[in-house]
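This briefing looks at aromatic rings, charges over rings and strand pairing. Keep the sequence and the structure in view while reading.

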Amino acid sequence: MADNINSIESYRYVLLDYSRWSQSRLMNKKVPVFLISLIVLVILYVIWFYPTKSLFPNVLDTKIYFSSLRQSVLENMNPNLTMHDKAQGPPTCFLFIRSADGALGNRMFLFASAYGLARLHQCQLYVAPWILIDLRSVFRIEIEKTKVQLTKDDRLVVNRTDYFSRYSSCVFYPDLLRVPFNKTFQRYELNGFYQAYGYFDKYREEINFLFQFNQGAIVRNVPMVEQLMKGSRKKIPFEFFLVHETETSVWNISLDLRNYTKDTVPHRYLKSILANPGPSFTPVTWIGIHIRRGDFLTFFKIDTSVEYLVWSMNYYRRKYVNCRFLIASDDKKYVQTHLGQYTDVFITPSGFFSGEDMAALALCEHTIVTAGTYGWWAAYLAGGDVVHDLNYPVPFQNCPREHYFPPWFVFPHNTSSLMWKPASPT
């Protein structure tokens, strides 16, 4: 009897040992399976809830945003920006521009307005090739990375009469923003200038993305920035860089391009260096000034006075500390004559073309504008505060000021500038 009890007890221990052994083997298998499943779930969660965040550190995914705040510039250094977003649905309408009068600023307005409307209504967009070529001489215009579908098929516009065309100089047509889009506008041509910020300001991030400066507009700004930072105690030749004749630098330090070269450095990096060269150096508030003269003196018969420009500079000197002014103009000899004596004034090189001057102005944080769409866009791309002379637009342009100017543009009272007057009756 005792032997039977001992035998049963032995079997029980054997079974218990086997059970523990089985559980141990099972757990050894379950642990890695559990861990793998957990990792897969985490990856799926990240992909599902954070679609714009890359799982791989080499993928550049910085958010696009221009701001007057210095910190936004410093935190936003990616030169290869992409609009991370899902593709928009099938086009429901068709917008096109095939003519554009005027120069760079006018074409920027027309393109931006067409983009904004196409983006809002999910329209296919056609832009005449010559207009794109002109804009891409200064900007990257990577529209293929946005949500708007650009077509190059000119058969959609050549010899067609089944479209609605409407002219606008600066007038904002609110019916173009109504959703759903009016059936009358299903095939719509933007004719004229469309200089009303309301057509595109809702998509300001994307507009700034499209109007990123290309290297052709940046490369000669590099030695200019280097001169501002390092400088020398000698007169700078007029043909290269106009400044006052004593100390030409702000910090007397070298420009560190890091892993970039002058042919690859992005505009945003140069802007960040000027905004904050380092913790041991005093930050500078850069104010861009665009002074339009040329044909505006004869065609519009307007001219911003030196008194107004000095008042605007003093406005910023009172508002911000350690201001420096970077001036671009179509008459740089005039600028040198009337403003070159100020030690906090720097003038862009006389050899700069319009795209290089705009890239220089957009390096600044705030802006002073006299007249014209060129200065308007330099201020828009720079971000920050904008002081604008009251003498533009002139009355015969029929431009409602609330349509043309965003609310952050300010207009100090000015009686010293030459204002447009109607011709005297003969």
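Two rings of Phe, Tyr or Trp (for Trp, the six-membered ring) form a pair if their centres lie within 6.5 Å; the pair is stacked if the planes are under 30 degrees apart, edge-to-face if over 60, and tilted otherwise. By that rule, the whole structure holds 42 aromatic pairs. The model is predicted, so local features need pLDDT of at least 70 and side-chain atom pairs count only at pLDDT 80 or more, while totals for chains, interfaces and linings use all residues. Residues are numbered from 1 along each chain as its sequence is written, and side-chain values use heavy atoms, with hydrogens and water left out.

**A tilted pair**

- The ring centres of F109 and W376 are 4.5 Å apart and the planes stand at 50°, so this pair is tilted.
- F109 belongs to helix α3 (residues 104-121) and W376 to helix α13 (residues 373-382), so the pair ties together parts 267 residues apart in sequence. Helices here are DSSP runs of H or I with at least four residues, strands are runs of E with at least two, and both are numbered from the N terminus.
- F109 is buried, at a relative accessible area of 0%, and W376 is also buried, at 0%. Buried means under 20% relative accessible area, exposed means over 50%, and partly exposed is in between (1.4 Å probe, protein chains only).

**An edge-to-face pair**

- F200 and Y380 have ring centres 5.9 Å apart and planes at 80°, so they are edge-to-face.
- F200 lies in the loop between β5 (187-192) and α5 (204-210), and Y380 in helix α13, so parts 180 residues apart in sequence are tied together.
- F200 counts as buried at 0% relative accessibility, and Y380 counts as buried at 0%.

**Charges over rings**

- A charge sits over a ring if NZ of Lys or CZ of Arg is within 6 Å of the ring centre and within 35 degrees of the ring normal.
- R166 lies over the face of Y173, 4.0 Å from the ring centre.
- R293 has its charged end over the ring of Y334, at 3.7 Å from the centre.

- Five of the six residues of β5 are buried, so the strand is largely enclosed by the rest of the structure.
- Strands pair if DSSP finds at least two bridges between them.
- Three bridges join β5 to strand β1 (residues 93-97) in the parallel sense, and Y188 in β5 is the bridge partner of L95.
- Strand β4 (residues 164-168) runs parallel to β5, with five bridges between them; N191 in β5 stands opposite Y167.
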